[in-house]
Amino acid sequence: MTLYPQLILDALSKVRYPGTGKDLVSQEMVDDDIRIDGNKVSFSLIFDKPNDPFIKSVVKAAETAILTYISPEVDIKGNIQVKAKQQLPQQPEKLLPDVKNIIAVSSGKGGVGKSTVAANLAVALASLGYKVGLLDADIFGPSMPKMFHVEDARPYMEEVNGKEMIAPAENYGVKLLSIGFFVNKEDAVLWRGGMASNALKQLIGEGNWGSLDYFLIDLPPGTSDIHLTLVQTLAITGAIIVTTPQEVALADARKGISMFMGEKVNVPVLGLVENMAWFTPAELPENKYYLFGKEGGKRLAEELHVPLLGQIPIVQSICEGGDTGTPVALNTDTVTGQAFHTLAENVVKQVNYRNEHLAPTKKVNITHR
Ligand code: ADP
(Lines give C-alpha, C1' and ligand atoms only; values in the text may rest on other atoms or scores of the structure.)
Protein backbone atom coordinates (compact mmCIF):
# COMPACT_ATOMS: atom_id res chain seq x y z
CA MET A 1 0.00 0.00 0.00
CA THR A 2 1.42 3.37 -1.04
CA LEU A 3 0.03 6.29 0.82
CA TYR A 4 -0.03 9.80 -0.67
CA PRO A 5 -1.63 13.05 0.43
CA GLN A 6 -4.56 13.03 -2.00
CA LEU A 7 -5.62 9.68 -0.61
CA ILE A 8 -5.79 11.18 2.86
CA LEU A 9 -7.68 14.22 1.59
CA ASP A 10 -10.20 12.00 -0.22
CA ALA A 11 -10.85 10.09 3.00
CA LEU A 12 -11.19 13.29 5.01
CA SER A 13 -13.64 14.71 2.49
CA LYS A 14 -16.04 11.99 3.67
CA VAL A 15 -16.18 13.59 7.12
CA ARG A 16 -18.53 16.46 7.75
CA TYR A 17 -17.93 19.26 10.20
CA PRO A 18 -21.14 19.39 12.26
CA GLY A 19 -20.89 23.14 12.74
CA THR A 20 -21.56 23.88 9.05
CA GLY A 21 -22.40 20.52 7.48
CA LYS A 22 -19.50 20.94 5.00
CA ASP A 23 -16.79 18.30 4.65
CA LEU A 24 -13.42 18.90 6.34
CA VAL A 25 -11.61 19.58 3.07
CA SER A 26 -14.03 22.12 1.64
CA GLN A 27 -14.28 23.69 5.09
CA GLU A 28 -10.47 24.15 4.76
CA MET A 29 -9.83 22.46 8.06
CA VAL A 30 -7.01 20.18 6.88
CA ASP A 31 -3.54 21.70 7.20
CA ASP A 32 -1.44 21.51 4.00
CA ASP A 33 1.34 19.83 5.88
CA ILE A 34 0.35 16.14 5.61
CA ARG A 35 3.27 13.87 6.62
CA ILE A 36 3.55 10.31 5.45
CA ASP A 37 6.26 7.94 6.62
CA GLY A 38 5.62 4.32 5.53
CA ASN A 39 2.17 3.56 6.88
CA LYS A 40 2.37 6.30 9.45
CA VAL A 41 0.32 9.41 8.68
CA SER A 42 0.17 12.63 10.63
CA PHE A 43 -1.53 15.96 9.93
CA SER A 44 -3.32 18.79 11.67
CA LEU A 45 -6.96 19.78 11.72
CA ILE A 46 -7.57 23.50 12.08
CA PHE A 47 -10.44 24.82 14.16
CA ASP A 48 -11.56 28.43 14.35
CA LYS A 49 -11.65 28.38 18.12
CA PRO A 50 -9.49 26.37 20.49
CA ASN A 51 -12.61 25.48 22.50
CA ASP A 52 -14.70 24.28 19.54
CA PRO A 53 -17.18 21.74 21.04
CA PHE A 54 -16.82 19.43 18.01
CA ILE A 55 -13.04 18.92 18.26
CA LYS A 56 -13.12 15.47 19.85
CA SER A 57 -15.83 14.01 17.64
CA VAL A 58 -14.29 15.41 14.44
CA VAL A 59 -10.83 13.99 15.24
CA LYS A 60 -12.41 10.61 15.99
CA ALA A 61 -14.41 10.71 12.75
CA ALA A 62 -11.27 11.65 10.75
CA GLU A 63 -9.39 8.71 12.22
CA THR A 64 -12.22 6.35 11.42
CA ALA A 65 -12.54 7.68 7.84
CA ILE A 66 -8.87 6.98 7.14
CA LEU A 67 -9.04 3.48 8.60
CA THR A 68 -12.29 2.79 6.72
CA TYR A 69 -11.65 4.36 3.30
CA ILE A 70 -7.90 3.74 3.01
CA SER A 71 -6.91 0.78 5.16
CA PRO A 72 -7.12 -0.38 8.76
CA GLU A 73 -3.32 -0.77 8.52
CA VAL A 74 -2.71 2.98 8.49
CA ASP A 75 -1.08 4.13 11.70
CA ILE A 76 -3.09 7.23 12.53
CA LYS A 77 -3.79 6.75 16.22
CA GLY A 78 -2.81 9.88 18.12
CA ASN A 79 -1.26 11.48 15.01
CA ILE A 80 -3.95 14.04 14.34
CA GLN A 81 -3.02 17.36 15.94
CA VAL A 82 -5.51 20.07 16.59
CA LYS A 83 -4.62 23.68 15.73
CA ALA A 84 -6.56 26.85 16.34
CA LYS A 85 -6.81 29.12 13.32
CA GLN A 86 -4.05 31.72 13.36
CA GLN A 87 -5.59 35.10 13.94
CA LEU A 88 -4.28 37.36 11.23
CA PRO A 89 -2.34 40.15 12.88
CA GLN A 90 -4.73 43.08 12.95
CA GLN A 91 -3.60 45.79 10.58
CA PRO A 92 -3.09 48.85 12.75
CA GLU A 93 -5.56 51.42 11.50
CA LYS A 94 -3.90 54.47 10.07
CA LEU A 95 -4.48 57.39 12.39
CA LEU A 96 -6.13 60.42 10.82
CA PRO A 97 -6.45 58.78 7.40
CA ASP A 98 -8.10 61.82 5.79
CA VAL A 99 -5.84 64.50 7.20
CA LYS A 100 -3.48 66.07 4.66
CA ASN A 101 -1.13 68.09 6.87
CA ILE A 102 -0.35 67.81 10.56
CA ILE A 103 1.30 70.86 12.06
CA ALA A 104 2.73 71.08 15.57
CA VAL A 105 2.71 74.56 17.10
CA SER A 106 5.36 74.80 19.77
CA SER A 107 7.38 77.29 21.78
CA GLY A 108 10.51 77.20 23.87
CA LYS A 109 8.86 78.82 26.88
CA GLY A 110 5.39 79.60 28.19
CA GLY A 111 3.64 82.95 27.81
CA VAL A 112 5.04 83.87 24.38
CA GLY A 113 1.60 83.63 22.77
CA LYS A 114 1.85 80.14 21.29
CA SER A 115 -1.81 79.30 21.94
CA THR A 116 -2.93 82.71 20.69
CA VAL A 117 -0.98 82.18 17.46
CA ALA A 118 -2.30 78.61 17.05
CA ALA A 119 -5.92 79.71 17.55
CA ASN A 120 -5.69 82.67 15.17
CA LEU A 121 -3.76 80.68 12.58
CA ALA A 122 -6.50 78.02 12.66
CA VAL A 123 -9.22 80.65 12.21
CA ALA A 124 -7.29 82.38 9.40
CA LEU A 125 -6.73 79.07 7.55
CA ALA A 126 -10.43 78.24 7.89
CA SER A 127 -11.40 81.65 6.52
CA LEU A 128 -9.18 80.95 3.49
CA GLY A 129 -11.49 77.98 2.82
CA TYR A 130 -9.36 75.17 4.24
CA LYS A 131 -10.79 72.41 6.41
CA VAL A 132 -9.10 72.88 9.77
CA GLY A 133 -8.89 70.93 13.03
CA LEU A 134 -7.16 72.06 16.20
CA LEU A 135 -6.07 69.87 19.06
CA ASP A 136 -5.26 71.64 22.29
CA ALA A 137 -2.56 69.43 23.76
CA ASP A 138 -1.26 72.07 26.13
CA ILE A 139 -1.86 69.95 29.15
CA PHE A 140 -0.47 72.54 31.54
CA GLY A 141 -2.78 75.32 30.44
CA PRO A 142 -5.49 74.28 28.01
CA SER A 143 -6.83 77.64 26.80
CA MET A 144 -8.56 76.79 23.51
CA PRO A 145 -12.08 76.22 24.89
CA LYS A 146 -12.03 79.83 26.12
CA MET A 147 -10.40 81.27 23.00
CA PHE A 148 -13.06 79.60 20.83
CA HIS A 149 -15.87 80.47 23.21
CA VAL A 150 -16.84 76.83 23.69
CA GLU A 151 -15.96 76.46 27.38
CA ASP A 152 -19.24 74.71 28.05
CA ALA A 153 -18.98 72.25 25.18
CA ARG A 154 -19.02 68.65 26.30
CA PRO A 155 -17.92 66.54 23.37
CA TYR A 156 -20.22 63.55 22.99
CA MET A 157 -19.57 60.12 21.58
CA GLU A 158 -20.89 59.29 18.12
CA GLU A 159 -20.78 56.08 16.17
CA VAL A 160 -18.73 56.15 12.97
CA ASN A 161 -18.60 52.92 10.94
CA GLY A 162 -19.41 50.89 14.03
CA LYS A 163 -16.76 52.65 16.13
CA GLU A 164 -17.44 55.03 19.01
CA MET A 165 -15.68 58.34 18.34
CA ILE A 166 -15.46 61.69 20.08
CA ALA A 167 -17.22 64.48 18.21
CA PRO A 168 -15.09 67.65 18.28
CA ALA A 169 -16.62 71.00 19.21
CA GLU A 170 -16.75 73.43 16.30
CA ASN A 171 -16.60 77.19 16.03
CA TYR A 172 -15.36 79.72 13.46
CA GLY A 173 -14.99 76.86 10.97
CA VAL A 174 -12.49 75.03 13.17
CA LYS A 175 -13.02 71.60 14.72
CA LEU A 176 -11.63 71.59 18.22
CA LEU A 177 -10.80 69.09 20.91
CA SER A 178 -9.03 70.07 24.10
CA ILE A 179 -7.73 68.31 27.13
CA GLY A 180 -9.58 71.16 28.84
CA PHE A 181 -12.93 69.54 27.95
CA PHE A 182 -12.05 66.55 30.07
CA VAL A 183 -10.37 68.01 33.10
CA ASN A 184 -10.79 71.02 35.36
CA LYS A 185 -8.18 73.70 34.88
CA GLU A 186 -6.98 73.22 38.45
CA ASP A 187 -6.44 69.50 37.87
CA ALA A 188 -4.71 69.84 34.50
CA VAL A 189 -1.34 70.32 36.11
CA LEU A 190 -1.66 66.91 37.80
CA TRP A 191 -1.98 65.19 34.47
CA ARG A 192 1.65 64.36 34.24
CA GLY A 193 3.40 61.76 32.17
CA GLY A 194 1.49 58.70 31.09
CA MET A 195 -1.94 60.05 31.86
CA ALA A 196 -1.49 63.08 29.65
CA SER A 197 0.09 61.08 26.85
CA ASN A 198 -2.78 58.59 26.87
CA ALA A 199 -5.37 61.35 26.80
CA LEU A 200 -3.55 62.92 23.86
CA LYS A 201 -3.42 59.65 21.93
CA GLN A 202 -7.12 59.16 22.54
CA LEU A 203 -8.03 62.63 21.30
CA ILE A 204 -6.02 61.99 18.14
CA GLY A 205 -7.11 58.43 17.45
CA GLU A 206 -10.69 58.55 18.66
CA GLY A 207 -11.57 62.11 17.69
CA ASN A 208 -13.91 62.19 14.72
CA TRP A 209 -11.74 64.65 12.80
CA GLY A 210 -12.95 63.56 9.37
CA SER A 211 -11.20 65.02 6.36
CA LEU A 212 -8.96 68.01 7.06
CA ASP A 213 -6.46 70.08 5.09
CA TYR A 214 -4.69 71.26 8.23
CA PHE A 215 -4.63 69.64 11.64
CA LEU A 216 -2.90 71.96 14.12
CA ILE A 217 -1.66 70.73 17.46
CA ASP A 218 -1.02 73.27 20.21
CA LEU A 219 1.76 71.68 22.24
CA PRO A 220 2.85 72.47 25.77
CA PRO A 221 5.86 74.85 25.95
CA GLY A 222 9.37 73.47 26.02
CA THR A 223 10.24 69.86 25.39
CA SER A 224 8.15 67.31 27.23
CA ASP A 225 6.86 63.77 27.18
CA ILE A 226 3.92 65.09 25.20
CA HIS A 227 6.26 66.07 22.36
CA LEU A 228 7.75 62.61 22.31
CA THR A 229 4.34 60.93 22.42
CA LEU A 230 3.22 63.06 19.54
CA VAL A 231 6.12 62.32 17.21
CA GLN A 232 5.78 58.63 18.02
CA THR A 233 2.03 58.65 17.38
CA LEU A 234 1.79 60.76 14.24
CA ALA A 235 3.88 61.63 11.21
CA ILE A 236 4.04 65.39 11.70
CA THR A 237 4.25 67.34 8.45
CA GLY A 238 6.10 70.19 10.12
CA ALA A 239 6.53 72.29 13.23
CA ILE A 240 5.98 76.00 13.77
CA ILE A 241 7.90 77.64 16.61
CA VAL A 242 6.52 80.74 18.29
CA THR A 243 8.85 83.13 20.09
CA THR A 244 9.01 86.70 21.29
CA PRO A 245 12.01 88.89 20.37
CA GLN A 246 13.44 88.73 23.92
CA GLU A 247 16.83 87.07 24.40
CA VAL A 248 15.52 84.55 26.97
CA ALA A 249 12.70 83.50 24.67
CA LEU A 250 15.06 83.21 21.70
CA ALA A 251 17.42 80.93 23.62
CA ASP A 252 14.52 78.60 24.42
CA ALA A 253 13.16 78.78 20.86
CA ARG A 254 16.57 77.64 19.65
CA LYS A 255 16.31 74.57 21.91
CA GLY A 256 12.83 73.84 20.59
CA ILE A 257 14.00 74.06 17.00
CA SER A 258 16.95 71.78 17.63
CA MET A 259 14.66 69.22 19.24
CA PHE A 260 12.46 69.04 16.15
CA MET A 261 15.37 69.09 13.75
CA GLY A 262 17.47 66.66 15.79
CA GLU A 263 18.30 63.26 14.33
CA LYS A 264 16.03 61.45 16.77
CA VAL A 265 12.86 63.42 16.07
CA ASN A 266 13.52 64.78 12.60
CA VAL A 267 10.38 66.82 11.99
CA PRO A 268 10.86 69.63 9.44
CA VAL A 269 10.57 73.10 10.95
CA LEU A 270 8.23 75.10 8.71
CA GLY A 271 9.34 78.33 10.30
CA LEU A 272 9.35 80.76 13.16
CA VAL A 273 6.65 83.20 14.25
CA GLU A 274 7.83 86.33 16.04
CA ASN A 275 4.98 87.26 18.36
CA MET A 276 4.82 90.52 20.32
CA ALA A 277 7.27 91.83 17.72
CA TRP A 278 6.41 95.44 18.58
CA PHE A 279 3.70 97.35 20.37
CA THR A 280 1.24 99.29 18.28
CA PRO A 281 -1.55 101.44 19.67
CA ALA A 282 -4.67 100.42 17.74
CA GLU A 283 -5.34 104.03 16.74
CA LEU A 284 -1.76 104.63 15.52
CA PRO A 285 -0.82 101.45 13.66
CA GLU A 286 2.14 103.17 11.98
CA ASN A 287 3.83 103.67 15.36
CA LYS A 288 5.94 100.75 16.42
CA TYR A 289 7.51 100.42 19.84
CA TYR A 290 9.99 97.59 20.21
CA LEU A 291 9.36 96.67 23.83
CA PHE A 292 11.18 93.35 23.77
CA GLY A 293 13.98 94.29 21.38
CA LYS A 294 13.93 94.69 17.64
CA GLU A 295 13.56 91.74 15.25
CA GLY A 296 15.07 89.10 17.51
CA GLY A 297 12.88 86.44 15.91
CA LYS A 298 13.82 87.57 12.44
CA ARG A 299 17.53 87.34 13.26
CA LEU A 300 17.13 83.88 14.81
CA ALA A 301 15.29 82.67 11.70
CA GLU A 302 18.13 83.97 9.50
CA GLU A 303 20.77 82.42 11.72
CA LEU A 304 19.12 78.99 11.74
CA HIS A 305 18.06 79.17 8.08
CA VAL A 306 14.39 78.66 8.84
CA PRO A 307 11.68 80.85 7.30
CA LEU A 308 10.20 83.73 9.28
CA LEU A 309 6.48 83.02 8.82
CA GLY A 310 5.14 86.15 10.42
CA GLN A 311 5.60 89.04 12.84
CA ILE A 312 2.63 89.73 15.08
CA PRO A 313 2.44 93.04 16.97
CA ILE A 314 1.31 93.44 20.56
CA VAL A 315 -2.17 94.85 20.35
CA GLN A 316 -4.67 94.98 23.15
CA SER A 317 -7.39 93.49 20.94
CA ILE A 318 -5.37 90.25 20.57
CA CYS A 319 -5.42 89.77 24.30
CA GLU A 320 -9.09 90.78 24.58
CA GLY A 321 -10.03 88.53 21.67
CA GLY A 322 -8.51 85.62 23.57
CA ASP A 323 -10.38 86.48 26.73
CA THR A 324 -13.76 86.91 25.07
CA GLY A 325 -13.48 84.00 22.68
CA THR A 326 -13.46 86.08 19.49
CA PRO A 327 -10.08 85.60 17.81
CA VAL A 328 -8.86 88.75 16.03
CA ALA A 329 -8.20 86.73 12.88
CA LEU A 330 -11.98 86.76 12.32
CA ASN A 331 -11.67 90.38 11.24
CA THR A 332 -9.35 90.93 8.30
CA ASP A 333 -9.98 94.68 8.29
CA THR A 334 -7.69 95.19 11.26
CA VAL A 335 -3.89 95.25 11.42
CA THR A 336 -3.94 92.21 13.68
CA GLY A 337 -6.41 90.26 11.54
CA GLN A 338 -4.23 91.05 8.54
CA ALA A 339 -1.07 89.89 10.35
CA PHE A 340 -2.61 86.47 11.04
CA HIS A 341 -3.87 86.16 7.46
CA THR A 342 -0.40 86.85 6.12
CA LEU A 343 0.87 84.22 8.56
CA ALA A 344 -1.70 81.70 7.27
CA GLU A 345 -0.73 82.36 3.67
CA ASN A 346 2.95 81.91 4.48
CA VAL A 347 2.21 78.65 6.32
CA VAL A 348 0.31 77.32 3.29
CA LYS A 349 3.24 78.27 1.04
CA GLN A 350 5.80 76.60 3.33
CA VAL A 351 3.72 73.43 3.70
CA ASN A 352 3.34 73.17 -0.07
CA TYR A 353 7.05 73.76 -0.54
CA ARG A 354 7.87 71.17 2.13
CA ASN A 355 5.54 68.58 0.55
CA GLU A 356 7.08 69.12 -2.86
CA HIS A 357 10.69 68.95 -1.72
CA LEU A 358 10.84 66.57 1.23
CA ALA A 359 9.69 62.99 1.72
CA PRO A 360 6.74 62.47 4.07
CA THR A 361 7.78 62.50 7.72
CA LYS A 362 8.06 59.11 9.38
CA LYS A 363 6.73 58.37 12.82
CA VAL A 364 9.57 58.30 15.31
CA ASN A 365 10.50 54.98 16.78
CA ILE A 366 12.16 55.69 20.09
CA THR A 367 13.17 52.50 21.82
CA HIS A 368 15.62 53.85 24.37
CA ARG A 369 14.84 57.00 26.22
P1 ADP B 1 1.32 80.63 25.55
O2 ADP B 1 0.39 79.71 24.84
O3 ADP B 1 2.63 80.80 24.86
O4 ADP B 1 1.48 80.34 27.00
P5 ADP B 1 -0.81 82.58 25.30
O6 ADP B 1 -1.22 82.45 23.89
O7 ADP B 1 -1.67 81.95 26.35
O8 ADP B 1 0.69 82.10 25.49
O9 ADP B 1 -0.62 84.13 25.58
C10 ADP B 1 -0.29 84.64 26.85
C11 ADP B 1 -1.02 85.96 27.05
O12 ADP B 1 -0.53 86.92 26.16
C13 ADP B 1 -2.51 85.86 26.81
O14 ADP B 1 -3.19 86.65 27.72
C15 ADP B 1 -2.67 86.42 25.40
O16 ADP B 1 -3.94 86.99 25.20
C17 ADP B 1 -1.59 87.47 25.37
N18 ADP B 1 -1.05 87.70 24.01
C19 ADP B 1 -0.48 86.78 23.21
N20 ADP B 1 -0.06 87.35 22.06
C21 ADP B 1 -0.39 88.66 22.13
C22 ADP B 1 -0.24 89.79 21.26
N23 ADP B 1 0.36 89.66 20.07
N24 ADP B 1 -0.74 90.97 21.67
C25 ADP B 1 -1.35 91.10 22.87
N26 ADP B 1 -1.50 90.11 23.74
C27 ADP B 1 -1.04 88.88 23.39
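What follows is a tour of several stops, each with something to select and a description of what is there.

**Before you start**

This is a predicted model, in which local features need pLDDT of at least 70 and side-chain atom pairs count only at pLDDT 80 or more, while totals for chains, interfaces and linings use all residues. Residues are numbered from 1 along each chain as its sequence is written, and side-chain values use heavy atoms, with hydrogens and water left out.

**Stop 1: the largest core**

Select Leu135, Phe148, Phe215, Ile217, Leu230, Leu234 and Phe260, which are the residues with the most contacts inside the largest nonpolar core, a group of 83 residues. Its largest share, 9 residues, is contributed by helix 3 (residues 114-127). A nonpolar core is a set of buried Ala, Val, Leu, Ile, Met, Phe, Trp, Tyr and Cys residues joined through side-chain atoms within 4.5 Å. Buried here means under 20% relative accessible area, exposed means over 50%, and partly exposed lies in between, using a 1.4 Å probe and protein chains only. In soluble globular proteins, nonpolar side chains tend to be buried together.

Now centre the view on Leu230. Which residues is Leu230 in contact with, leaving aside its neighbours within four places in sequence? They are Ala104, Leu200, Ile204, Ile217, Leu219 and Ile236, where contact means heavy atoms within 4.5 Å.

**Stop 2: helix 3**

Select residues 114-127 to see helix 3; helices (H or I, at least four residues) and strands (E, at least two) are DSSP runs, numbered from the N terminus. Helix 3 has 14 residues and reaches 20 Å from its first C-alpha to its last, close to the 20 Å expected at 1.5 Å a residue, where the expected span is 1.5 Å times one less than the number of residues. Is helix 3 mostly covered or mostly uncovered? It is mostly covered, as 12 of its 14 residues are buried, among them Lys114, Asn120, Leu121 and Leu125. Move on to Gly129, which follows helix 3 and has a positive phi, near 100°.

**Stop 3: helices 1 and 2**

Select helix 1 (residues 5-12) together with helix 2 (residues 55-69), whose axes come within 8 Å and cross at roughly 115°. Axes are lines fitted to C-alpha atoms, for helices over the stretch in contact, and angles run from 0 to 180 degrees between N-to-C directions. Show the side chains of Ile8, Ala11 and Leu12 in helix 1, and you will find that they meet Ala62, Ala65, Ile66 and Tyr69 in helix 2. By class, this contact has 7 nonpolar, no polar and no charged residues; Ala, Val, Leu, Ile, Met, Phe, Trp, Tyr, Cys and Pro count as nonpolar, Asp, Glu, Lys and Arg as charged, and the others, Gly among them, as polar.

Stay in helix 2 and select Glu63, which counts as buried because its relative accessibility is 10%. Leaving aside neighbours within four places in sequence, Glu63 is in contact with Ile76, Lys77, Gly78 and Ile80.

**Stop 4: helix 8 and its end**

Select helix 8 (residues 247-261), which includes Met261. The 15 residues of helix 8 should span 21 Å at 1.5 Å a residue, and its end C-alpha atoms are 21 Å apart, which agrees. Its buried residues include Ala249, Leu250, Ala253 and Phe260, and among the elements that cover the buried residues of helix 8 are strand 4 (99-107), helix 7 (225-233) and strand 12 (269-279).

Met261 itself is partly exposed, because its relative accessible area is 41%. Not counting residues up to four places away in sequence, Met261 touches Asn266, Val267, Val269 and Val306.

**Stop 5**

Select Asn171, found in strand 8 (residues 169-171), which counts as partly exposed because its relative accessibility is 24%.

Next select Tyr172, in the loop between strand 8 and strand 9 (174-178), where phi is near 50°, a positive value in a residue other than glycine. Most residues other than glycine have a negative phi, and most peptide bonds are trans. Finish at Leu96, in the loop between strand 3 (80-84) and strand 4, where phi is also positive, near 45°; Leu96 counts as buried because its relative accessibility is 8%.
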